[in-house]
Amino acid sequence: MKEDDLEEAMAGNVSRTEEDVRRLLHLAKLDEEDLKPVVQSFYLAQDFTREDLKLMEVTPDILNQILEGERVIIRGDKSDPAVLCTDTQTYDIKEAGTSNSLLLLPSVVWPDEAETNDKDDGITIASQEVAGIFHNYLELHLCRPRVQKLRYLMEENLYTGKEYEADNVDVKYTFEDLLNVIQASPKELQTALRELQACCIDGFWRMLDFDYQFSVFNHIVNLVDSNSWPSDGIPLQAVLDTLEDLIPRKILEECFHWYTEPVGRTTPEGYDLYRWNEDKICAFLGEVILRPTGKFNLEEFLYTWQSTVPEGITTNLNQLKVGNLALSSTD
Amino acid sequence: MVQILIRMPTSEDSKSGVPDWAVVELQGDLESKSGQEMHGSFVGDLHYTKKGAILIIGHHILFGKTVDVDKPFIVLRKKNSLTEHHHEANMLRSQKSLEHTQEEEASEVSVSIENLYDKHNYSTYYEVHAIVRKKILFKTRPKPIVTNVPKKL
């Protein structure tokens with residue numbers, strides 16, 4: 001038995017015959033009795049270096065989302081590391097190399113399909129094409145969304161009041177605009193916007209200028225005082241109706257919800273009632289006081305702070321953790 | 001920044017959904033013995049036994065079996081939609097280019113966006129061409145087929 005026999009058995013870009021197949025398996029010292037009757041002969045496609053194809057490893061969850069037509073998008077700036085975003089999550093995309101060869105086959109006969117053939121005691125040869133050979137594939141790793149840019153974008157054009165908007169020509173972003181520039185899923189972007197206390201005004205997402213936010217807060221507090229509403233029985237509807245000429249309704253509503261919690265009761269007419277969220281209000285007012293000065297003697301601060309908050313509310317230092325403030329030991 | 005959509009083929013492209021393809025995984029590389037063009041050439045024969053699979057390639061015989069992949073693969077095909085009208089125009093550019101500071105070290109294996117889209121073609125998207133859920137895995141090293149009986153010394 002010579003090397004040539006093997007060469008011969010392996011030859012042929014034309015379809016192989018039963019004889020060819022038998023010759024090869026005998027050379028390989030295989031016993032036909034042990035083998036199932038369907039044999040598959042693999043051929044490389046004419047263009048098996050498929051530059052237009054990529055293999056990506058996903059999760060069953062992501063696969064389902066794609067199959068159901070949900071948005072799955074790769075996002076990034078030119079030289080950014082790419083991420084893949086579903087509606088709710090973000091994944092780093094990495095290239096995994098393998099020393100193995102991955103042959104990609106559009107069609108294959110699986111073992112349970114190879115049991116029987118038409119012939120009684122022959123073998124059936126199925127020719128199968130290898131569409132491509134791969135040595136690497138794309139892998140997905142769940143990661144945190146890259147939302148740090150968001151604050152920077154929002155601060156480019158803070159909302160300072162209805163009066164200033166007519167002349168406002170600085171850049172504004174809709175939700176879709178933001179998805180264009182932030183590597184995050186829609187849900188993660190929503191969460192980030194909420195954490196920044198951004199509001200959607202006329203379709204654009206805006207962060208409020210801090211002083212403006214304070215003035216909105218004051219309007220609400222003063223309204224509550226002047227109506228002598230109890231601090232645990234504030235009607236949202238009345239606040240919106242009364243103040244909406246001064247402050248866009250959307251902003252009023254957002255701000256209101258930042259500093260209140262539902263009580264679970266309603267007015268006789270059926271409007272929801274709310275109470276002050278003490279911790280959030282104290283944290284906010286603490287920041288109001290500290291902002292202009294940067295540093296404040298602790299005792300003086302505590303005094304000022306307590307006298308600033310609405311009646312019935314008690315400050316305490318733990319509330320400052322709610323906001324973005326730090327307590328230094330020298331103060 | 002770019003957004004590259006991964007989508008299912010439209011109904012014109014595929015009448016019956018996305019097909020299941022298979023992967024045959026083996027150690028090493030396929031090479032042409034004589035340096036000939038490999039396009040269209042015969043690779044080897046795949047046989048099934050009761051327990052597994054046997055692949056005869058060139059001078060080698062490999063033993064393996066059919067397994068479900070741990071995580072499914074999708075086969076993505078790069079396309080462009082210059083000629084198609086889709087509301088989600090697949091490559092949206094932002095109006096201004098932003099200063100970008102890299103938040104983390106780009107590791108060697110991160111894929112940069114540049115690798116995934118055509119610079120001169122602003123409407124790249126990827127279509128799911130096929131799904132791979134099963135593979136035939138040949139984990140063992142290929143065994144050479146011995147054809148010559150050594151001459152007596």
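Start at A:Ser101. Its bridge partner in β2(B) is B:Leu26. This is a predicted model, so please hear every value as computed from it. The strands around that pair are β5 of chain A and β2 of chain B, residues 20-27. They pair in the antiparallel sense, over six bridges.

Stay with B:Leu26 for a moment. B:Leu26 also has a bridge partner in β6(B), and that partner is B:Phe138. Here β2(B) and β6(B) run parallel, with seven bridges between them.

Now β6 of chain B, residues 124-138. Is this strand enclosed or open? Twelve of its 15 residues are buried, so the rest of the structure largely encloses it. Strand β1 of chain B, residues 2-7, is another, and it joins β6(B) through two bridges in the parallel sense. B:Arg7 has B:Glu127 as its bridge partner there. Then comes β5(B), which pairs with β6(B) over twelve bridges, antiparallel. In that pairing, B:Thr66 stands opposite B:Ile136.

A quick reminder on strands. In a regular strand, side chains alternate between the two faces of the sheet.

Follow β5(B), residues 60-80, and we are back at chain A. β5(B) is joined to β2(A) by five bridges, running antiparallel. A:Lys54 has B:Leu76 as its bridge partner. β2(A) covers residues 53-57, and four of its five residues are buried.

Next, the whole interface. How many residues of each chain are in contact? The count is 91 residues of chain A and 82 of chain B. Between them the chains bury about 8,200 Å², and 61% of that is on carbon and sulfur atoms. On the chain A side, A:Lys78, A:Trp110 and A:Asn180 supply 9% of the buried area, more than any other three residues.

Polar contacts next. Across the interface there are 30 residue pairs in polar contact. Strand β5 of chain A, residues 90-105, gives the most to the side that touches chain B, with eleven residues. By class, that side of chain A has 52 nonpolar, 15 polar and 24 charged residues.

Charged pairs across the interface are counted too. There are two salt bridges between chain A and chain B. One of them is B:Arg77 with A:Asp52, at 3.0 Å from N to O. A:Asp52 has a partner in its own chain as well. A:Arg50 forms a salt bridge with A:Asp52, and the closest N and O atoms are 3.0 Å apart. Which of these chain A residues is buried? A:Arg50 counts as buried, at 18% relative accessibility. A:Asp52 is partly exposed, at 22%.

Over all chains, the structure holds 21 salt bridges.

First on my list, A:Lys149 and A:Asp77, with closest N and O atoms 3.8 Å apart. A:Lys149 lies in helix α4, residues 148-155, and A:Asp77 in the loop between β3 and β4, so the pair ties together parts 72 residues apart in sequence. A:Lys149 is buried, at 13% relative accessible area. A:Asp77 is buried as well, at 17%.

Then A:Arg146 and A:Asp92. Their side chains meet in a salt bridge at 2.4 Å, N to O. A:Arg146 sits in the loop between β7 and α4, and A:Asp92 in strand β5 of chain A, so this pair ties together parts 54 residues apart in sequence. A:Arg146 is buried at 9% relative accessibility, and A:Asp92 at 12%.

There is also a network. A:Glu18, A:Arg22 and A:Glu32 are linked by salt bridges.

Last topic, backbone angles. Most residues other than glycine have a negative phi. Which residues here show a positive one? A:Lys29 is one, with phi near 60 degrees. A:Lys29 lies in the loop between α2 and β1 of chain A, and it is exposed, at 60% relative accessible area. A:Asp202 is another, with phi near 55 degrees. A:Asp202 is placed in the loop between β8 and β9 of chain A. A:Asp202 is exposed too, at 72%.

Terms used
Residues numbered from 1 in each chain as written. Chains lettered and ligands numbered in written order. Predicted model: local features only at pLDDT ≥ 70, side-chain atom pairs only at ≥ 80, totals over all residues. Heavy atoms only, no water. Contact = heavy atoms within 4.5 Å. Buried area = accessible area lost by both parts, 1.4 Å probe. Salt bridge = Lys/Arg side-chain N within 4 Å of Asp/Glu carboxyl O. Polar contact = N/O pair within 3.5 Å; in protein donor to acceptor, adjacent residues only side chain to side chain. Nonpolar A, V, L, I, M, F, W, Y, C, P; charged D, E, K, R; others polar. Pairing = 2+ DSSP bridges. Buried < 20%, exposed > 50% of the residue type's maximum accessible area, 1.4 Å probe, protein only.
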